[in-house]
Amino acid sequence: MTGGQDRTRLGYFLGPHGVKGGVKVYVLGDQEQFRALKRVFVEGRGWLRVARLEMLAPGVALHLAGVTSREAAEELRGLNVFAADDELPEPEEGVYYYHELRGLTLHGAGGEVLGEVVDVEDGGHQDLLVVRHEGGESFVPLQAPYVLVNLNDRRRPASLALSADAPAGLLEADAPEVGGDDA
């Protein structure tokens, strides 16, 4: 979920790292996306300067301006952390940020419009597209070779399409609804 129109959620704070204000982050996606960031947006706190970054296995530890004690780091536990979309490093070819997929049209193998990607969620072993369609909203696994990413002239995502090999019924009206009680 985005933290605004120009921010992408990178993860959330797990708790203190050390005694001088470091905070461990559960990272959604690749931890490398943190390397070039000079600031992050912290839920309920606003923009904070990144004073130092430690790469952990897995995740990262952020040292943020104004967070100088273990107690201050503890106060951030559970809060979401975001980055400005235009400050994220350019991903390697074939890798896309969640914000680049939101708002894209999902087409069927025959070119028909199936719906719109309204969000992307980290499902653990695979990312899930949240697609709004005639029957409501459904999760669609963002998995090759079933979902194809169509690129624009800058080699960034322009639309998505299900391949002919995609499992049938991904967007049927009787599929479990996103956020429903079928979990």
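Let us begin with the largest pocket, whose lining residues divide into 13 nonpolar, five polar and seven charged. Here Ala, Val, Leu, Ile, Met, Phe, Trp, Tyr, Cys and Pro count as nonpolar, Asp, Glu, Lys and Arg as charged, and the others, Gly among them, as polar. This is a predicted model, in which local features need pLDDT of at least 70 and side-chain atom pairs count only at pLDDT 80 or more, while totals for chains, interfaces and linings use all residues. Residues are numbered from 1 along each chain as its sequence is written, and side-chain values use heavy atoms, with hydrogens and water left out.

The chain is divided into domain 1 (7-84) and domain 2 (98-162), with bounds from an automatic or database domain assignment. Their centres, taken over C-alpha atoms, are separated by 29 Å.

Back to the pocket: each of the two domains supplies at least three residues to its lining. A pocket is an open set of points on a 1 Å grid over the protein atoms alone, where a 1.4 Å probe fits, with protein on both sides within 12 Å along at least five of seven lines; lining residues have an atom within 4 Å of a point. The volume of this one is about 560 Å³, counted as the space filled by probe spheres set on the points, which are joined across faces, edges and corners. Among its 25 lining residues, Gly29, Asp30, Val95, Tyr96 and Tyr97 are the closest to the centre.

Which element gives the most to this lining? Strand S1 does, with three residues; strands (E, at least two residues) are DSSP runs, numbered from the N terminus.

Terms used:
Helices (H or I, at least four residues) and strands (E, at least two) are DSSP runs, numbered from the N terminus.
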